[in-house]
Amino acid sequence: MTGTKESFADLIAAEDVLLFVNAAVTATGQREFHSRADHQRLSLSFLHEYVRVNYRSIYAAVLALDINDHNAVRIIVELLCTADEADPEQKRTEGRLIAARLAALPPQRVYRAFHALRSAKVNNRRTRAIQRDWLAARADLAHDAVKYRSALKTVARHTHNPLDGELGAFLFRPGKSTRYSDPRLDAYRRARYEQDAIYELPFTIAEGFAAKHGVPRARFLERIAPRMTRLERLRTQSTTGDTTGTTTDLTVMPLTRLALFVLSLPRAERHLRRAELTAALRASALRAAGPYAGSWGRVSAVLDDSYSSYGSGVKRRRPLAVALGAHFLLEALAGSYGAHWTSGGRDPLMVRPWGPSPLGSRVLDALEDSPERLVIVSDGFDNAPPGLAGEVLRVWRTRLDPERRTSIVHLNPVYDAEGFDVRRLAPSVPTAGIRDAEDLAALVEIAQFTEGRTGLPELLAYLDRRTERFLTAQKADRKADRKALQQHRQRTDQQSNQPGDQQGDQSSSRKADQGKGGR
Amino acid sequence: MNKLDLSGVSAMPSQVWGGIRLVPLVREAPVAGLRLHHEIYRHALGAVDVGPRTRYLSYIPHGFIADWSGDGGQSAAYGTQLAGSAPTGTDCVPIRLHHGLAKRRRQKGVTEKRLRFLPLHLALEGYLALHFGGPSVIWDEWSQAAVRQGMSPRAEAAYAGWQVPGLGQALRIFELHPRQCGVLVYTADALAAAFVVPHPDDYRALHPSLIEDLYGELVHQYAFYGGPVPAFDARIGGERHIRSLADLRAAARAQERSWTENHDALMANRLLNPSYHFERVYRMGEFGLWRFLPSFGRGEPEQHIGEAICDHKGRVAYLKTFRLSEAQIRRGHLLNGLYDHDWQLNRTAQALGIDRGQLVGRIHDAGFSSLLKHGVERAGRR
């Protein structure tokens with residue numbers, strides 16, 4: 001009697017956790033194709049609070065998974081805001097997880113988290129220590145002081161950190177000093193009256209000064225190019241009409257970013273640059289596949305390029321980009337591979353979000369190849385006719401493939417605010433949320449839990465494993481970072497001219513890549 | 001011609017959002033020789049952008065009718081034009097200028113090109129102008145105003161699409177089918193409007209215009225009070241007989257087919273089956289522009305007015321309908337009854353199976369009080 005009761009509770013707990021993991025991977029509180037931003041935010045807030053109150057240690061452990069930055073920040077802030085609900089043991093683990101996650105987050109996200117802590121008036125010794133440690137590990141605070149001036153100032157003030165020396169003077173007593181020994185701080189001071197100085201500043205800051213000095217946009221972009229981060233360069237590339245692609249090396253970009261960039265190009269241009277873009281996508285996919293390349297056997301994919309894969313104005317073509325990224329990644333992972341786009345198109349480079357989602361017939365087409373693995377990347381809105389994909393998958397499982405020769409998994413890039421989860425196609429098919437195509441392999445692992453055949457203990461063990469791996473990977477990373485930091489400081493003493501943020505942003509994405517490779 | 005012939009057009013699986021169901025209509029092949037153009041409204045002076053080799057037929061649905069079934073059935077469609085080549089422009093510009101500006105003020109004026117496309121205008125005028133001339137025989141009961149001015153002013157209320165709850169969102173997230181040439185709009189599973197165009201490209205261009213269309217009071221109420229409707233998920237039954245992938249595919253195909261058949265028989269039946277009173281407004285080549293009115297029979301809960309362009313075989317190339325509310329059907333029924341019996345109250349009452357007093361009451365309730373002289377009511381009640 002009690003046994004069944006317990007297992008029932010376990011089942012619910014496992015379901016709740018998976019639900020939350022899916023939400024934390026996909027939801028960003030932004031507008032989606034089917035629901036408004038406020039619905040998304042409301043739904044997500046509820047989930048956060050629900051999981052935090054009921055399964056606090058799991059809530060913290062989710063930080064070790066590949067969840068998106070929005071939810072990572074949110075979890076960190078909520079954990080710190082409600083530290084009194086945790087016991088000492090939990091606090092210790094949480095502290096390690098938070099520190100490790102903060103180190104992996106891009107700086108602007110971290111500053112936003114700190115700002116949220118300040119708004120929530122959380123200012124205890126532990127929180128201050130966490131913020132202080134993060135600041136201490138920053139490679140180049142002078143760069144932060146220029147680029148994230150007000151954010152850094154807020155943190156310093158909130159954590160009672162006087163920021164000795166020039167930095168303190170720069171932030172809190174501006175205009176007093178006639179010159180700074182740090183070249184960035186000094187460039188910021190000089191940029192007010194000297195046009196040349198603005199090209200020593202980070203791009204976003206320089207933009208404001210360029211406008212102040214009335215520098216023509218084209219000339220400004222040309223001269224500031226070495227100071228831009230990779231994404232900034234890509235973004236301005238299209239506005240300046242520079243299509244030669246000389247400024248950026250596409251092959252080093254992460255897969256989903258690259259897919260988004262490809263989809264942002266007009267179809268004519270995609271056609272012209274076909275060889276270059278395809279090669280870049282393949283290279284990126286191979287890197288993401290890492291040691292698993294070619295190890296998946298026969299793989300079929302059903303990829304959703306229906307109109308709903310447009311996403312929304314704020315997440316433009318995100319679901320489609322995930323599908324495109326998944327296409328190239330699966331191609332790299334598989335021994336033999338067949339793709340089935342819902343539109344029936346054959347050319348992945350030319351996809352566009354258009355038309356209905358006849359997932360049912362596409363799944364049938366994909367099963368025709370008798371694959372070992374079938375991967376479906378779709379938002380789960382199956383409408384031509386509705387529910388057919390679920391029926392096909394159900395009958396396939398129960399009648400045609402009861403011994404599970406084909407493993408089927410559904411990856412969904414869109415959080416469904418009403419269902420508090422990603423939409424599923426069929427109960428018999430494991431479903432997981434996906435944010436970046438690169439995470440596909442790890443998510444397939446998680447998705448197996450949603451089938452309901454593995455229980456809570458296995459899930460918890462899996463989370464523990466991931467936590468350990470995450471923490472050790474981060475520790476190794478931090479050791480490497482510290483070394484790099486020392487070298488950097490030595491170098492900056494001699495000549496400090498490095499665009500630090502570019503380095504910072506890239507190092508965090510590199511870290512994420514390394515973490516995945518280790519799995 | 002008394003029926004809508006939608007052959008060549010088939011229904012695809014519906015897409016549901018809340019209480020709104022949109023059923024895409026797909027053509028096997030686009031109608032040759034006819035296109036609906038919406039760029040024609042780009043210039044206020046009516047310069048129709050049709051190239052010398054482009055055989056577009058452009059249709060400007062500005063039906064404006066001064067007098068219809070009154071004296072000698074004079075009807076005119078000012079500003080309505082169906083042209084095979086570039087029209088001269090001058091014969092429609094004055095009306096259009098005047099008209100377009102008036103309409104633009106009334107609607108929100110944001111997407112001006114589409115706003116000026118007033119597709120239901122013709123059909124609505126047809127309904128409003130029903131027996132517009134007033135009593136044809138001057139019986140004692142009819143007022144001087146009724147005899148001189150007829151039904152003028154005659155007004156009906158309707159809701160714009162963006163006022164119908166959920167319709168905007170449903171149209172926004174709707175996923176167009178590749179050969180889609182039309183759509184049926186249902187609110188709370190009651191057919192609210194049908195829209196068919198000759199070519200898929202036209203449909204793609206005009207799909208957003210559905211939000212600017214007019215919808216009857218009933219549609220608005222159904223959308224407002226109605227709950228979510230089921231999506232009619234596919235169900236594959238008889239799994240015992242499925243032994244191979246081919247069987248499964250056949251079962252899936254059967255699901256797709258069954259929806260189309262069931263839809264036409266169950267859901268669109270009331271639109272397609274009743275006979276309509278068709279009136280040809282304009283004729284051009286093998287196409288004709290028609291507007292149609294329903295029978296206004298009592299006991300038929302669902303009645304549509306609309307306009308259509310049909311080819312010489314009567315197949316529909318363009319269709320737009322407006323669903324009448326109960327009160328509107330009653331008004332049509334009443335006016336038809338009066339007209340059929342030469343506007344004689346006693347005979348009409350007899351034909352409707354009520355007494356004279358009740359008929360007078362109905363005329364008042366329908367908002368036609370001004371047609372009757374003072375005192376008629378009392379006489380009726382006596």
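How many bridges join β1(A) to strand β2 (residues 336-341) of chain A? The count is six, and the two strands run parallel. Strands pair when DSSP finds at least two bridges between them. The elements themselves are DSSP runs numbered from the N terminus, with helices being H or I runs of at least four residues and strands being E runs of at least two.

A quick word on the model and its labels. This is a predicted model, in which local features need pLDDT of at least 70 and side-chain atom pairs count only at pLDDT 80 or more, while totals for chains, interfaces and linings use all residues. Residues are numbered from 1 along each chain as its sequence is written, and chains are lettered from A and ligands numbered from 1 in the order in which they are written.

Back to β1(A). Within it, V299(A) sits opposite Y337(A) of β2(A). β1(A) also pairs with strand β3 (residues 373-377) of chain A, again in the parallel sense, through five bridges; here S300(A) has L374(A) as its bridge partner. Strand β1 covers residues 298-303 of chain A, and five of its six residues are buried. Buried means that 20 or more other C-beta atoms, placed from the backbone, lie within 10 Å of a residue's own; with 12 or fewer it is exposed, and in between it is partly exposed. Together, β1(A), α18(A) and β2(A) form a right-handed β-α-β unit. Right-handed here means that, with the strands pointing away from the viewer, the path from the first strand over the helix to the second runs clockwise.

Beyond its neighbours within four places in sequence, A326(A) is in contact with A301(A), L303(A), V375(A), V377(A), A437(A) and L440(A). A contact needs C-beta atoms, placed from the backbone, within 7 Å of each other. In soluble globular proteins, nonpolar side chains tend to be buried together.

Zooming out, chain A has 23 helices and seven strands, and 45% of its 519 residues are buried. Of its contacts with a separation of 6 or more, 72% are between residues 24 or more positions apart. Its domain assignment gives domain 1 (2-172), domain 2 (191-253) and domain 3 (259-457), with bounds taken from an automatic or database domain assignment. The C-alpha centres of domain 2 and domain 3 of chain A are 36 Å apart.

Chain B has 13 helices and 13 strands, and 43% of its 382 residues count as buried. It is assigned domain 1 (9-228 + 251-324) and domain 2 (344-381). Seven residues of domain 1 of chain B are in contact with seven of domain 2 of chain B.

Finally, the two chains meet through 23 residues from chain B and 26 residues from chain A. On the chain B side, helix α8 (residues 245-267) gives the most, with seven residues. That side has 14 nonpolar, three polar and six charged residues, where Ala, Val, Leu, Ile, Met, Phe, Trp, Tyr, Cys and Pro count as nonpolar, Asp, Glu, Lys and Arg as charged, and the others, Gly among them, as polar.
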